[in-house]
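These are my notebook entries from one sitting with a structure. I wrote down what I looked up, in the order in which I looked.

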Amino acid sequence: MRIIQQNKDIILTSCRHFDIKRSFECGQCFRYEESEDGLFTLIAFGNIVRLRQTGDTIIFYDMDKDEFEKIWLGYFDLDRDYESVITELSFDEQFCLASEQACGIRIFRQDGWETLCSFIISQNNNIPRIKKIISALCGLLGEPISTGVNAFPTAESILSAGVEGLAPIKSGFRAKYLIDAAEKVVNGTVNLNELGRMDYKEAKETLMRIKGVGEKVSDCALLFGFGFHQAFPKDVWVKRVLDKYYGSDFDPNYFGENAGIAQQYLFYYERNILSKTKTNT
DNA sequence: AGCCAGGGTCTGC
DNA sequence: GCAGACCATGGC
C-alpha cells in the first residue's frame with residue numbers, strides 16, 4: 001500500500017486488504033452513508049470524511065496528509081498487516097472460507113465513548129434502526145461540525161438530557177442504559193481513559209459495571225473502540241456459526257490474540273453471504 | 001399478526 | 001448456573 005497526496009486528496013494504492021464497502025457494512029460502524037455512485041461519507045472524531053474505492057485504489061477527498069496520518073491511519077487500522085493476521089488465522093477451516101468472501105474487512109479503531117453508546121443502542125435491535133437512533137442522538141445533543149451534521153455528544157451532554165430528554169431519539173428501554181453509562185463516565189466510576197492500560201478481563205468487567213452492558217456489548221466496545229483485538233463478541237449470527245461448526249465448548253482463545261478479527265470475518269460471512277444465498281432446508 | 005434484530009435484567013428454580 | 005418473561009421500536 002502506498003499513500004500519495006494528489007492535489008487536495010489522499011490516494012491509497014495497492015489496497016489488497018482494505019475493502020471499504022465490506023468494512024463499513026460489517027456492522028462495526030454506524031455513522032456512515034453510501035451514495036449511489038459508491039461515495040462513502042463517514043462522521044468520526046468530529047470530522048466528515050468522504051472516500052471512494054475503485055479496485056484497489058482508495059481516494060480520501062479533500063484531505064491533507066497531516067490529518068490523514070494523525071487521525072485516519074489509526075482509525076482504519078492501516079498500520080496492521082492483515083495479510084499476516086489472515087495467514088495466522090487460516091489454520092481454521094471456517095475462517096478460510098469466510099476470509100475468501102470477506103476479504104478486505106478491517107477493524108476500525110473508533111472513539112471509545114461513541115462505540116460504547118452505539119453498542120448499548122444495538123442491543124436487541126437491527127442495524128438500520130441503530131443507525132437511525134445514533135443519528136437522532138447526534139442531531140439532538142451533538143456539537144455542530146457542519147451544516148446539518150453534528151459530532152457525537154459528550155457524556156456530560158447526554159447525562160444532562162436525562163431519560164426524558166432522550167425521548168425524541170426513540171431508543172426505547174435503552175435510554176436508561178445510556179444515562180447510566182453517561183453518569184458512570186462523568187463521575188469516574190468508569191474511567192474510559194484507563195481502559196487501555198488494563199488487561200482484557202479487567203477492561204471488560206469495568207465496562208460491565210454499566211447497566212445495559214453485558215458481555216456482548218462490552219466486547220464490541222472493546223474490539224471496535226478500545227483496540228482489544230482478542231475481544232470476541234457473540235451475537236446471534238456468531239452464535240449460529242459456533243453452533244454449526246464448533247460446538248458448545250468453543251473458547252475464543254482458540255483463535256488467539258486476534259480472535260476478534262476472526263469473529264468479524266465469521267460474522268460477515270454468516271450474515272452477509274450465507275444467509276442470503278442458502279436455499280432454506 | 002407474529003417474528004426478528006450485533007442483548008441485558010430480573011426473577012425463580 | 002440456567003430458563004423464561006419482559007423490555008420499546010420498526011421492518012418485513
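**Entry 1: helix 5**

I began with what covers the buried residues of helix 5, and the list includes strand 4 (39–44), helix 6 (127–141), helix 7, helix 8, helix 9 (200–207) and helix 10. For my own reference, helices (H or I, at least four residues) and strands (E, at least two) are DSSP runs, numbered from the N terminus. Contact means heavy atoms within 4.5 Å. Buried means under 20% relative accessible area, exposed over 50%, and partly exposed in between, with a 1.4 Å probe and protein chains only.

I noted that this is a predicted model, in which local features need pLDDT of at least 70 and side-chain atom pairs count only at pLDDT 80 or more, while totals for chains, interfaces and linings use all residues. Residues are numbered from 1 along each chain as its sequence is written, chains are lettered from A and ligands numbered from 1 in the order in which they are written, and side-chain values use heavy atoms, with hydrogens and water left out.

How many residues of helix 5 are buried? I found ten of its ten residues buried, so I wrote the helix down as mostly covered, by the cut-off of under 20%. Among them are Gly 112, Trp 113, Glu 114 and Ile 121.

I then looked at the N-terminal end of helix 5, which Asp 111 caps: a side-chain oxygen lies 3.3 Å from the backbone nitrogen of Trp 113. This is a polar contact, meaning a pair of N or O atoms within 3.5 Å; within protein, one must be able to donate a hydrogen and the other to accept it, and residues adjacent in sequence count only if both atoms are side-chain atoms.

**Entry 2: helix 8**

Helix 8 (residues 175–186) has twelve residues. From its first C-alpha to its last I read 17 Å, close to the 16 Å expected at 1.5 Å a residue. The expected span is 1.5 Å times one less than the number of residues.

The buried residues of helix 8 include Tyr 177, Leu 178, Asp 180 and Lys 184. Helix 5 (112–121) and helix 7 (155–165) are among what covers the buried residues. Just after helix 8, I noted that Gly 188 takes a positive phi of about 90°.

**Entry 3: two single residues**

I looked up Phe 226, which lies in the loop between helix 10 and helix 11. Phe 226 counts as buried because its relative accessible area is 11%. Not counting residues up to four places away in sequence, Phe 226 touches Arg 109, Gly 112, Trp 113, Leu 192, Leu 195 and Ala 221. Phe 226 and Trp 113 are 113 residues apart along the chain, yet their C-alpha atoms are separated by 9.4 Å.

Ser 99 lies in helix 4 (residues 93–101). Ser 99 counts as buried because its relative accessibility is 11%. Its side chain reaches the backbone oxygen of Cys 96 at 3.0 Å. Not counting residues up to four places away in sequence, Ser 99 touches Ile 86 and Tyr 265.

**Entry 4: DNA strand B**

Of the atoms of DNA strand B that come within 4 Å of the protein, sugar and phosphate account for 56%.

A backbone N or O atom of Gly 27 lies 2.4 Å from a base nitrogen of DNA strand B. For Trp 237, an N or O atom in the side chain is 3.0 Å from a phosphate oxygen of DNA strand B.

**Entry 5: DNA strand C**

Around DNA strand C I found Asn 124, Asn 126, Arg 129, Lys 132, Lys 170, Gly 172, Phe 173 and Arg 174. Sugar and phosphate make up 60% of the atoms of DNA strand C that come within 4 Å of the protein.

The side chain of Asn 124 has an N or O atom 2.8 Å from a base nitrogen of DNA strand C. The side chain of Arg 129 has one 3.1 Å from a base oxygen of DNA strand C. At Phe 173, a backbone N or O atom lies 3.3 Å from a sugar or linking oxygen of DNA strand C.

Methods. Near = heavy atom within 4 Å.
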